Every structure is written in structure tokens, then in C-alpha cells.
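The entries follow the order in which I looked things up.

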Amino acid sequence: MSSRKKQDTVERLTYYVVQTYRAAGRNGISADEPMPATDRDHANRLFERYKPIRAGVVAFYRTGRPDTGDWDDAIILARHGRLPADVDGLRDDCDADFERPDLGERDFKVA
């Protein structure tokens, strides 16, 4: 019998983050430390808390495999204010479901 403990591995993990930005210099911004959130609701509450007091705020999530370091692109839950240009290229959560490859034209109904 081995004395090593059996380690549980997580195949795919989703983590949530809220990133805030302060005004810096002339029309610039400076990133604060990213804030981890426990879930989507927590990320949205943090976003709403910092939205009125920061130059910019973005809440997002990423899903991937921590054991291999293979992560999907970040998906934006909410964004507000001045943000770095690289945030503009990220998908919004409301767009994510429409890009699923397993959905076809027959899956959508028009009222």
C-alpha cells in the first residue's frame, strides 16, 4: 500500500476575476491588483461596488485545465469606463452562447 495520498484532479475549472483601473497621468489608467471572486454573482457584486469609484472596471471568467495550463479566452461579464485596448477584443458573456458550434439554425426559433 502506498503512503501517498490520492489527489483529486480537476479536469476543467472556471475562475472569476474583477480587475479595476485607476486614473493615471493624462488620460492614462493603471491596473490595481486583480480581485478573485467566488462565482458569477460575487464578480457582479464587486463590479457594481467599484464601478462608481474607479476609472474602469471589468469582470470576467476563464475556464481551463489547471493541470496543463490550457485556458480558454476570457469571457467578459461586465465592463465599464476606461479600459486597456486588449479588453476590447474579448467576447462578452451575452455573445458566448451564440458561438457554440453545436447550435444550428434549426435551434433558433423566431416568434
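Before reading any bridge partners, I noted the pairing rule: two strands pair if DSSP finds at least two bridges between them. Helices (H or I, at least four residues) and strands (E, at least two) are DSSP runs, numbered from the N terminus.

I also noted that this is a predicted model, in which local features need pLDDT of at least 70 and side-chain atom pairs count only at pLDDT 80 or more, while totals for chains, interfaces and linings use all residues. Residues are numbered from 1 along each chain as its sequence is written, and side-chain values use heavy atoms, with hydrogens and water left out.

**Entry 1: S4 and its partners.** The pairing of S4 with S6 is antiparallel and comprises six bridges. Between S1 and S4 I found nine bridges, also in the antiparallel sense; in this pair tyrosine 16 stands opposite tyrosine 61 of S4. S5 (residues 70-71) runs antiparallel to S4 and is joined to it by two bridges, with tryptophan 71 of S5 as the bridge partner of glycine 64. Four residues separate S4 and S5 in their hairpin, where glycine 69 has a positive phi near 80°.

**Entry 2: burial of S4.** I took buried as under 20% relative accessible area, exposed as over 50% and partly exposed as in between (1.4 Å probe, protein chains only). Eight of the 10 residues of S4 are buried, so this strand is largely enclosed by the rest of the structure.

**Entry 3: S1 and S2.** Four bridges link S1 to S2 (residues 28-31), and the two run antiparallel. I found alanine 23 opposite isoleucine 29 of S2. The two strands form a hairpin with three residues between them, and glycine 25 in the turn takes a positive phi of about 60°.

**Entry 4: the cores.** A nonpolar core is a set of buried Ala, Val, Leu, Ile, Met, Phe, Trp, Tyr and Cys residues joined through side-chain atoms within 4.5 Å. The largest has 14 residues, of which Tyr16, Val18, Ala43, Leu46, Ala59 and Leu77 touch the most other members. S1 (13-24), S3 (35-37), H1 (40-50), S4 (56-65) and S6 (75-81) each supply at least two residues of this core. H1 gives the most, with four. Apart from this core I found another, of eight residues, including Val17, Val58, Ala74 and Val87.
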